[in-house]
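The exercises below are meant to be worked with the sequence and the model side by side.

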Amino acid sequence: MKVLIIEDEAPAAKKLSRYLHQYNAQTQVLARLESVSAAVDWLLASQAQLDLILMDIHLSDGLALEIMQQVKITKPVIFTTAYDEYAIDAFKLNSISYLLKPITYSALSEALQKL
């Protein structure tokens, strides 16, 4: 499985990577991006390579939902955030799960099984 992590907090991104590899040792994290602008640029160039996107809502330069306004996301998304108020907006997109921080291995595993 090839995954993109869009997360501006390094510890949270490392934890997600660790959980992904625990779930499936062959998982490849293709990139970790910290901002809306970096995510837009990367997705425009490389989205076809992906199987899954893990995306925080609050990023260093805005809300991740702004990414969806600039790029048509065609891959499944698991949102990982500390904010529950964006859940309805997230499910209107290509979201398969909305995980509230702190993310547990169990919660991520359930979302990955759903995928």
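**Exercise 1. A loop residue and its surroundings**

Does Gln 49 count as buried, partly exposed or exposed, and at what relative accessibility?

Before the solution, two notes on conventions apply. The model is predicted, so local features need pLDDT of at least 70 and side-chain atom pairs count only at pLDDT 80 or more, whereas totals for chains, interfaces and linings use all residues. Residues are numbered from 1 along each chain as its sequence is written, and side-chain values use heavy atoms, with hydrogens and water left out.

Step 1. Buried means under 20% relative accessible area, exposed means over 50%, and partly exposed lies in between, with a 1.4 Å probe and protein chains only. Gln 49 has a relative accessibility of 43% and therefore counts as partly exposed.

Step 2. Gln 49 is placed in the loop between α2 and β3, where helices (H or I, at least four residues) and strands (E, at least two) are DSSP runs numbered from the N terminus.

Step 3. If residues up to four places away in sequence are not counted, Gln 49 touches Lys 2 and Leu 30, contact meaning heavy atoms within 4.5 Å. Between Gln 49 and Thr 27 there are 22 residues of sequence separation and 13 Å in space, C-alpha to C-alpha.

**Exercise 2. The overall fold**

Determine the order of helices and strands, and then compare the radius of gyration with that of a compact globule.

Step 1. The protein has five helices and seven strands, and along the sequence they follow the pattern β-α-β-α-β-β-β-α-β-α-β-α.

Step 2. The radius of gyration is taken over C-alpha atoms, and the globule rule is 2.2 Å times the number of residues to the power 0.38. For 115 residues a compact globule would have a value near 13 Å, and the protein agrees because its own value is 13 Å. The C-alpha trace spans about 30 × 30 × 25 Å along its principal axes.

Step 3. Of the 115 residues, 47% are buried. Among contacts with a separation of 6 or more, 60% are accounted for by residues 24 or more positions apart.

**Exercise 3. Helix α2 and its partners**

Identify the buried residues of helix α2 and the elements against which they pack.

Step 1. Helix α2 spans residues 36-46, and its buried residues are Val 36, Ala 39, Val 40, Trp 42, Leu 43 and Ser 46.

Step 2. These buried residues of α2 pack against β1 (2-6), β2 (28-33), β3, β4 (58-59), β5 (62-63) and α3 (65-70).

Step 3. Helix α3 contains Met 68, which counts as buried at 16% relative accessibility. Met 68 and Trp 42 are 26 residues apart in sequence and 13 Å apart in space, C-alpha to C-alpha.

**Exercise 4. Contacts of Asp 8**

Where is Asp 8 found, and with which residues is Asp 8 in contact once its neighbours within four places in sequence are left aside?

Step 1. Asp 8 belongs to the loop between β1 and α1, and with a relative accessible area of 24% Asp 8 is partly exposed.

Step 2. Leaving aside neighbours within four places in sequence, Asp 8 is in contact with Arg 32, Leu 33, Glu 34, Asp 56, His 58, Leu 59 and Ser 60.
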